[in-house]
Amino acid sequence: MIEYEAVIGLEVHVELSTESKIFCACPTAFGGAPNTHVCAICSGMPGTLPALNREVLRYAIRAGLATNCEITRDGKFDRKNYFYPDLPKAYQISQLYLPVCRNGRIEIGEGKNKKTIGIHEMHIEEDAGKLVHDPEGNCTLVDYNRCGIPLIEIVSKPDFRSADEVTDYLERLKTTLQYIGVSDCKMQEGSMRADINLSVRPVGREELGTRTEMKNMASLKAISRAIEAETKRQISRISAGKPIKQQTRRWDDDKGVSFSMRSKEDAHDYKYFPEPDLLPLRVSDGMIEEIRREIPELREARRARYIKELGLPEYDADILTSSFPLVRIFERTAGICGNAKEASNWIMTDLLKLLKDEQVAPEDMHFPEDSLGKIIRMTSEGVINRSVGRRVLTELFGSDTDPITYVKDNGLAMVSDQSVIETAVDRAIRENEKAVADYLCGNPKSLQFLIGQAMRHLRGKGDPQSVQKILFEHLEKRR
Amino acid sequence: MKDENILNMTALEVARAIRSGDITSPQATEAVLSAIEEKDGELNGYIRVFGDRAIARASEVQKQIERGALDYPLAGVPYAIKDNICTEGIPTTCGSKMLENFIPPYSATVVHDLERAGAVSVGKLNLDEFCMGSTSETSFFGPVKNPWDTTRVPGGSSGGAAASVAARMSFYAYGSDTGGSIRQPCSYCGVSGIKPTYGSVSRFGLIAYASSLDQIGPIGRDMLDCAAALNQIIGKDPADQTTIDTVPIDLSAASEFSGKGLRIGVPEDFFAEGIDPEVEAAVRKAVHVFSELGASVTSFRLPIARYAIPTYYIIACAEACSNLSRYDGIKYGYRSQNAKSLSDIYVMSRSEGFGLEVKRRIMLGNYVLSSGFYDAYYKKALQSKALIRKAFDEAFVKYDLILGPTAPSTAPRIGESLSDPLRMYLSDVYTVLPNIVGLPSASIPCGFDRNNMPVGLQMIGPYRSEQTMVGAACLFQRSTAYHLRFPEKRGEDA
Ligand SMILES: [Zn+2]
C-alpha cells in the first residue's frame, strides 16, 4: 500500500491592535453597536481618501523582525478589486507586489522533533466589515465597524506535514505576536484567522498534489479536525482513482465535514494595480533599528530568566510564559505583592483553575490586572487569611470590583479581636468534648478539627495564628 | 454701481472694490445671481444655485471684512465650484444619476480653505458625468452650452466652470483636471485656467475619476485671478498624503514678469496632422508675441507625445473602474427598484445609474487590468509614463516653458463628439501629457477662428513652476487683449 503525506501551508490573518484604524481615526476596539466605529473614510464615501496610520507599518515590521523576516525597504500598496457588500469601496487596499516582510521562519517542536517553518511573506491590508443576517426582517444587514481594522497576512511556506505541526506553529505565532504587543490574537473574536492550503502526495515524491483551500478557520481544534478530515478525504479519493479538484472548501466543524464553495474556474480576477492614493512606503535602517529595540524579551529568554533569577520551578516558568497575557498578569501581580514565588503559586494553583473551570483563555480573561496582586498583598499583610483570599478571588473573577473595597464592604477582614476569638474557641471546646478528650490523649489531628470549628464560628475570618494560639492555651489549661 | 459694471470686473478688482467700500459682497453676489437667472436657463452651466444661502453668506463675510477680520485677497468675491467637489449638507452629484441624491456629510478640504478665505459660493457647476467626457454633454443634468455660440459645446469636463466664467455668471470658478478638463474648456470658452502641479491641492473631497491624474484648479478671466484663486487652496493636507509643500504665487512679481531670458520650447509634434490650421496660426502668432517680448523661442521634437492618448486612457480608465466600483447600490446613491438579488443590485443599479461614456470607460479599465492583459496594457502604460517623464526632464533642461495649442480645434457643435468617442478622445491629445507626469499646465486665450470661437494657448512647466508660468501668462495678457473679450461684446469687436 502507498503511504501518503499531507503538505500544508497556512495564510494567517492577524488584526493589529493599533489604537485607530489603518486609514482613518476610528477606534479599533472590538464590539460596539453596529456601525458606530465608522466614518466617511472607512465606509468608502465618495471623495474620501485613505491616510496611512504609520503605527500599522511599525507593528508589521515588529512582527516581521520577531519572526526573522527581511524587511522591504521600498514597499507600496495595491488595490484588490472585488464586489461584496462588506467591502464598501469595492476594493481592499493590500500589498501584492512588495509585501512589507519576506523570508522569515518560526521554529516548532522540541528536541529531535525541532523543525523550521518558513514564512514566505507578510503583507499589510485592511479588514472588511461583517454581514449580519436579521431573521426578523428576513434580510441581511452590514456592520462596517471592522472595516479598516489593520491586518497582517502571514503566508507560510508549505512546510507542515501534520495537524500537530500546524497547531504548534499557530500557538507559537500567537505567543510571539502577543509578546511583541501587535495583536491580542483572539481567535474567537476573529482577530486571528487561518486559511489552510492542503494537498497530499505519496511519501518521497517531490512534486506537489492538487491543493484545496479552507478559509477563515477560527479555532485550533477546528483547524486540527479540518486538516485530519481533509487529508483523509484526499487520500481516499486518490486511492479510489478519483482526481482532486482545486477548490475552496468550507469546513463545518459541527458536522465534521467540509463542502466545496467554489472551484478554480469561479476564482475572482482581483485586477490588482498600484494604489494611487497612498505614497510608496520607505523604510530606513534607522526605523528598523528603532523598532528592533522595542521588541521585548521573547518566550525562551523570559522562561530562562524566571527559573534562574526568580527561582521558579521549570514547570511553573513554562506555564507562565506560555502566553503573554499570563506573563503580564504574573509580572503585574508579582510587582504589586512583592513576591514572585507567591504570585506564581497563586496563578498556578488558583487562577489557572478558575480559567479552566470557566473555560476562558488567559487573553479573554475579564479581570483587572492588579486585582490578584492586591488580594495576595492583603493576605501577606494579614488583612485577610488565605482561604478568604481564595474566596475573594473566586467571587471577583470576571468582575471589575476592586478587591480592597470588596473586602471592606463585605466585612471580610480578619477578626483579631481576642475576646471574639475566645468566645468562638470556648464554643468549639464546649460543643466538642470528644475532640478535646482526644487531643488531651495526644491526638494532634483533633487540634486541626477544633481550629476548623472555631473558624467556622468566626465565619472563616479569624486570624489563623491567633485562633491556634488561643485554642492551644485553653486546651492546655484543661490538662 | 450697476450690476453690469460689477460683472465686468475681474475677481481681484471686485475684491478691491469690496475692501475700499465701493461695493459690498452681497451686491456682487446679487449681480452674479441675476446674471445666472438671466443666462443659465439656456447655458445650463449650474446644477445647483445657492440664492438666499449665497446672499446670507455674503452678508456674513461683508461684516467680517468691515470688522477687519478678513483680509484675504479674494474675500467677499462670489465663486462657483464644480459638482464633483463635496460640500457638506449640499448634494454633490458628479453629473450622474448615480449620485443625484447624494448629500455628503463632509466638505472637501478646498471648500474649508475657501470658507476660511471668505469666499462666497454661488453654486455647483455642471460637468461631464464623473468628468468622463471632453464636451460637458454626458451630464445627467443635460449638456452645457458654449456662451460664444450655444450650438457648440463648452468643452469638458469642467464645461460648467468655464462657461460660467466666460458668460459672467461667476467671477472665478474651480474645476478639476484629469486629462485637460480645466484647460480644454478654458480654450473653448476663451478664459484662463491652471492645472497645478500634482499634489499642490488636496484631493480630499474631490470625487475621484483617476486618482493619480486628478487635480483641482482655478478658472478665471485672467491669469492673475487664477493665481489668486489657486493661492487660496494650495498646501499640504494630512487627509491627502499625496499633497506636497507649495509656495503661494507672488502676484506682484507675476505682474512685473519680464520675458527677457525666458526660454520657450515649442514641440513641433503638437502641430502634426489633425490640427485645425486656424488654431495653428493663432498659436504660432502667440508664440511670436513671446519672442517679441524678449523670450528665446526654439522648436524641438517630442516624439513620445504620440503615446500620450493610449497611455492616458489606459491609466485613467484602470483607476476609474476601481474608483467607481463603490457605486454599487448598497450604501448610498442609486439603487435599482427592480433588483431582487445581490447580483441584481450590482448589475441593475450600475447599468441604470451610469451613463454610456462612464460604462465605456469602466469596461475599458476592467479590460486593461484583467489577468492576462495587465502586462500588455497597464504595465506598458506605466513604462510609457516613465519615458514621458524622461522626455520632459530633458526638455526642461533647455526650456523654462513649453508652449503649444491647448486643443487641436475650437469648440465643436453639440452632438458631434457623442457619435464619435474616439475623435473626442483625440481632442485631449495635447492636454493629457502634463497629467500623466504631474506637471503644471495652463491655458490662456490667444485668438479666435473665423467663426469667432476662442483658441487657447497651452503652457507646460517643470514641477512647481507655477510662478514662472503665471508670470509669462500675465506678461502675455498685458500685451494682448484676447482675454478681455467676452461673448456679449462679440458684435462690437468682430
Ligand atoms: Zn473610519
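A:Arg459 sits in chain A, in the loop that runs between α14 (445-457) and α15 (464-478). Its backbone is worth a look: A:Arg459 has a positive phi of about 50 degrees, although the residue is not a glycine. Please keep in mind that this is a predicted model.

**Positive phi values in chain A**

- A:Arg459 counts as exposed, because its relative accessibility is 69% and the cut-off for exposed is over 50%.
- A:Ala90 is another residue other than glycine with a positive phi, here near 65 degrees.
- You can find A:Ala90 in the loop of chain A between β4 (78-81) and β5 (91-94).
- Is A:Ala90 buried or exposed? With a relative accessible area of 1%, A:Ala90 is buried, since buried means under 20%.

**A cis peptide bond in chain B**

- The bond that links B:Gly156 to B:Ser157 is cis, and its omega is near 10 degrees.
- B:Ser157 belongs to the loop between β3 (120-125) and α6 (159-166) of chain B.

**Two packed helices in chain A**

- Helix α8 (residues 340-357) of chain A packs against helix α10 (residues 386-396) of chain A at an angle of about 50 degrees, and their axes are 11 Å apart.
- That angle is why α8(A) and α10(A) are described as oblique to each other.
- The crossing of α8(A) past α10(A) is right-handed.
- Which residues meet here? From α8(A) come A:Glu342, A:Trp346, A:Asp350, A:Leu351 and A:Leu354, and from α10(A) come A:Arg386, A:Gly389, A:Arg390, A:Leu393 and A:Thr394.
- Sorted by class, this contact of α8(A) with α10(A) holds 4 nonpolar, 2 polar and 4 charged residues.

**Chain B as a whole**

- How many helices and strands does chain B have? Its secondary structure comes to 18 helices and 11 strands.
- Chain B has a radius of gyration of 21 Å, close to the 23 Å from the globule rule for 494 residues, so chain B is as compact as a globular protein of that length.
- Along the principal axes, the C-alpha atoms of chain B fill a box of roughly 65 × 55 × 45 Å.
- Of the 494 residues in chain B, 66% count as buried.
- Looking at contacts in chain B between residues at least 6 apart in sequence, 76% join residues at least 24 apart.

Conventions: Residues numbered from 1 in each chain as written. Chains lettered and ligands numbered in written order. Predicted model: local features only at pLDDT ≥ 70, side-chain atom pairs only at ≥ 80, totals over all residues. Heavy atoms only, no water. Axes fitted to C-alpha atoms, helices over the stretch in contact; angles between N-to-C directions. Helix = DSSP H or I, 4+ residues; strand = E, 2+ residues; numbered from the N terminus. Parallel < 35°, antiparallel > 145°, perpendicular 65-115°, else oblique. Left-handed = near helix turned anticlockwise from the far one by under 90°. Contact = heavy atoms within 4.5 Å. Nonpolar A, V, L, I, M, F, W, Y, C, P; charged D, E, K, R; others polar. Buried < 20%, exposed > 50% of the residue type's maximum accessible area, 1.4 Å probe, protein only. Rg over C-alpha atoms; globule rule 2.2 N^0.38 Å.
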